[in-house]
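Hi,

Here is the structure I promised to pass on. Have a look at it first, and my notes on the aromatic rings follow below.

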Amino acid sequence: MQRSVVRPSPLFYAILAVTVVGGALAATMGLPELRDRPVLGTLGMFLLVLGGWALSLTLHEFGHAIVAYKGGDREVAAKGYLSLDIRRYTDPVMSLVLPLIILAIGGIPLPGGAVWINRWALRSRSVSSWVSLAGPLSNLALGVVLTAVVATVSMPFGLLAGLSYLASLQILAFVINILPVPGLDGFGAIEPYLSPQAREFGAKARPWAPLVLFALIIGVPGVGTTLWQFTDFVFAAVGGDAFAAFAGQYLFMFWR
């Protein structure tokens with residue numbers, strides 16, 4: 001792959017800058033100030049988490065695109081998917097509206113970006129599977145990295161809480177996306193090995209199956225609880241701080 005193929009857009013750096021500013025503001029809070037939800041610190045937490053989520057969505061979709069590019073689909077470069085420009089990946093409902101609604105209701109962002117891969121150009125079924133897996137694995141990697149940073153770097157509690165919550169959201173995004181549900185990456189990973197009938201069903205179910213999953217998570221307590229428990233298990237396994245993540249969620253969701 002030529003170096004010039006990947007050219008991060010100015011918007012990517014702008015979102016990164018907003019996230020850093022949010023982190024700096026969140027760092028003004030210590031543990032004693034959390035209950036009062038100070039304005040600047042709470043604003044910083046909001047910018048840190050929202051900006052971090054936007055960056056993770058960008059990296060998730062970029063992961064799909066770069067693996068597809070290496071696997072034979074050179075069209076992704078012409079489509080702008082290697083530019084790290086979030087506007088190239090957004091689907092109005094799945095990428096913006098639905099995740100924001102879910103964040104407001106329960107703090108569960110269902111990443112729903114869109115990169116259109118020419119699966120026929122990929123070299124093998126294995127490559128097609130890895131294209132699908134690249135997205136959720138990027139969430140897992142980001143969650144592990146953030147958790148490691150929190151565990152090894154001394155920082156103010158406000159910043160620690162924000163990064164911990166952001167890390168837990170990445171683990172949750174990985175857990176959700178890896179489910180074998182049509183429209184999610186877990187199904188995309190096994191789809192190349194399914195029968196033609198199963199693939200046809202998956203194609204028909206792809207537009208509405210994630211919405212049904214969302215309804216189950218919100219409307220059926222056992223589904224949401226099981227999902228959170230497994231996420232907490234994975235988060236703890238990689239060294240996550242559950243208390244700090246809860247504090248970050250409390251500050252981020254200032255409207256509750």
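For what follows, rings of Phe, Tyr and Trp (its six-membered ring) pair if their centres lie within 6.5 Å. Going by that cut-off, there are seven aromatic pairs. Keep in mind that this is a predicted model.

Start with Phe157 and Phe243. Their ring centres are 5.9 Å apart and the planes sit at 45 degrees, so this pair is tilted; planes under 30 degrees apart would count as stacked and over 60 as edge-to-face. Phe157 belongs to helix α6 (residues 157-177) and Phe243 to helix α11 (residues 242-252), so the pair ties together parts 86 residues apart in sequence. Phe157 counts as buried, with a relative accessibility of 17%.

The next pair is Tyr165 with Phe252. Here too the planes are at 45 degrees, with the ring centres 5.9 Å apart, so the pair is tilted. Tyr165 is in helix α6 and Phe252 in helix α11, which makes this a link between distant parts of the chain, 87 residues apart. Tyr165 and Phe252 are both buried. They also belong to one aromatic cluster, together with Phe46 and Phe254.

Then there are the charges over rings. Arg37 has its charged end over the ring of Tyr250, 3.8 Å from the ring's centre. Over the face of Tyr69 lies Arg74, at 4.3 Å from the ring centre.

Cheers

How values were computed
Residues numbered from 1 in each chain as written. Predicted model: local features only at pLDDT ≥ 70, side-chain atom pairs only at ≥ 80, totals over all residues. Heavy atoms only, no water. Helix = DSSP H or I, 4+ residues; strand = E, 2+ residues; numbered from the N terminus. Buried < 20%, exposed > 50% of the residue type's maximum accessible area, 1.4 Å probe, protein only. Lys NZ or Arg CZ within 6 Å of the ring centre and 35° of its normal.
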